[in-house]
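Please look over the sequence and the structure shown here.

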Amino acid sequence: MTHLTRRSLLLAGTSIPLALEATGLQGVGQPAEPECFELLTGRRLAATIESGRLALLPCGSLEYHGPHNPLGTDSLIISGIAERVAIRTNAVLLPVVNFTHCPAHTASFQGTLSVRPEVMTLYFEEILRSLTGAGFRRILVLNGHDGNIGPARGAISRVTAEVPAASILLVSWWETLPSDEMVKLDLFHQANGGHGHGGPLETSAVAAFHPNLVELDRARDLSPPPDFSAGFPYYLEKSAAEGWPGYSGLISEASAEKGKRIVAMSEDRIVELVQKWLEAPTLPGSW
Ligand SMILES: [Zn+2]
C-alpha cells in the first residue's frame with residue numbers, strides 16, 4: 001500500500017476538499033486503498049465505530065446491458081466509484097449488493113437476475129439495520145442502478161425512523177451528471193447527453209474501470225433517443241418496450257477516456273455532497 005502526501009495527490013491532479021481535512025475525515029497519509037469491512041478484525045471494527053467513521057454501501061445489479069457490456073455493469077461502475085469515494089471520505093467500504101430488483105423492460109433479457117422490489121426493500125432494511133446495530137450512525141448508500149432507488153428509499157425510511165441519530169444518504173452516481181451539463185461537455189451527440197440504459201455514457205463509465213470487458217464492436221449504433229426530458233424529474237415504467245434491443249444510443253461514441261472523465265466528475269460531486277452532509281448534522285433530510 002502506497003502512502004501519498006497531500007502534495008503528491010495535488011500534483012497528481014486529485015482534488016482534496018479542504019473542509020474534509022478540517023473535519024479530520026481525510027488528510028495527509030491518505031491510503032491508496034479503501035478499508036474494506038470484510039477485512040476488519042473485530043478489534044479494528046470496534047475502534048472504527050469509536051471514531052465515528054462513515055460506512056459506504058455500494059448497490060449495483062446483474063442485468064443485461066446490451067451485447068457489448070458486462071452483466072455486472074452497474075455493480076462494476078459503482079464499485080469503482082465507491083472505492084475512490086471511500087478513500088477520499090475515510091469511509092469503511094462494504095461489499096457491493098449485486099442481486100437486486102430490475103424493472104420489467106430489462107427483466108426479459110437473458111442474463112438479467114431480478115429480485116422482487118418488496119424483497120429488496122426488506123433486504124436493504126436488514127443490511128442497514130445490521131450496520132446501525134454494529135454502531136454505524138452515518139451510512140452512505142452509493143447507487144449504480146435505477147431499480148434500487150425505490151426499495152432503498154423504503155428501507156432508509158424504516159431504519160432512520162427506528163434508530164436514534166441515524167443519518168443515511170442515498171446518491172445515484174449518474175444523477176450527479178445532469179443531461180444538460182453532459183450535452184455542454186459535447187462528449188456524446190444525443191439530446192440526453194449520452195444517458196440511457198447501456199448507452200454511451202454508461203458504456204464509457206464501465207470501460208473506465210474495465211476496458212477489457214467492453215466489446216464496442218458487438219453493438220450497432222441506435223438512433224439517439226428522443227429528447228424526453230421535461231425539465232423536472234419523473235418516473236415512467238412499462239411492462240415491455242417492443243423492439244427495444246436492451247440498450248440505447250450511439251455506442252460508437254463510448255470510450256474509456258471519456259468514462260474516466262465522467263466518473264471523476266461524479267466522484268468529485270459525491271465527495272462534495274458528503275462533506276456538506278457531515279458538516280451539517282442538525283439539518284433535516286430532503287426538505
Ligand atoms: Zn446500468
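This is a predicted model: local features need pLDDT of at least 70, side-chain atom pairs count only at pLDDT 80 or more; totals for chains, interfaces and linings use all residues.

Residues are numbered from 1 along each chain as its sequence is written, and side-chain values use heavy atoms, with hydrogens and water left out.

**The sheet**

- Helices (H or I, at least four residues) and strands (E, at least two) are DSSP runs, numbered from the N terminus.
- An open sheet of 5 strands runs in the order E3-E5-E4-E6-E7, with parallel pairing.
- Strand E3 (35-36) and E7 are the edges of this sheet, and each has a single partner strand, so one side of each lacks a neighbour in the sheet.
- Two strands count as paired if DSSP finds at least two bridges between them.
- Strands of a sheet pair through backbone hydrogen bonds, either parallel or antiparallel.

**Pairs within the sheet**

- Strand E4 (residues 55-59) is joined to strand E5 (residues 92-93) by 2 bridges, and the two run parallel; leucine 56 stands opposite leucine 93 in E5.
- E4 also pairs with E6, in the parallel sense, over 5 bridges; here alanine 55 is opposite isoleucine 139 in E6.
- E6 and E7 are parallel as well, with 6 bridges.
- Isoleucine 139 has isoleucine 168 as its bridge partner in E7, and asparagine 143 has serine 172 as its partner in E7.
- E6, H7 and E7 form a right-handed β-α-β unit (right-handed: with the strands pointing away from the viewer, the path from the first strand over the helix to the second runs clockwise).

**Buried residues**

- Strand E6 (residues 138-143) is mostly covered, with 5 of its 6 residues buried (buried: under 20% relative accessible area; exposed: over 50%; partly exposed: in between; 1.4 Å probe, protein chains only).
- Cysteine 59 counts as buried because its relative accessibility is 1%.
- Cysteine 102 is buried too, with a relative accessible area of 2%.

**The largest pocket**

- A pocket is an open set of points on a 1 Å grid over the protein atoms alone, where a 1.4 Å probe fits, with protein on both sides within 12 Å along at least five of seven lines; lining residues have an atom within 4 Å of a point.
- The largest pocket has a volume of about 2,100 Å³ (the space filled by probe spheres set on the points, which are joined across faces, edges and corners).
- It has 49 lining residues, and those closest to its centre are Asp146, Trp174, Gly196, His197 and Tyr234.
- Helix H5 (104-107), helix H7 (149-162), helix H8 (179-185) and helix H9 (200-209) each supply at least two lining residues; the largest share, 3 residues, comes from H7.
- The lining of the largest pocket has 22 nonpolar, 18 polar and 9 charged residues (nonpolar: Ala, Val, Leu, Ile, Met, Phe, Trp, Tyr, Cys and Pro; charged: Asp, Glu, Lys and Arg; polar: the others, Gly among them).

**The second largest pocket**

- The second largest pocket has a volume of about 970 Å³.
- Its lining has 26 residues, and Ile168, Leu169, Leu170, Gly285 and Ser286 lie nearest its centre.
- H7, strand E7 (167-172) and helix H10 (256-279) give two or more residues each to this lining; E7 gives the most, with 6 residues.
- By class, the lining of the second largest pocket has 15 nonpolar, 7 polar and 4 charged residues.

**Disulfides**

- The structure holds 0 disulfides (a disulfide is a pair of cysteine sulfur atoms within 2.5 Å).
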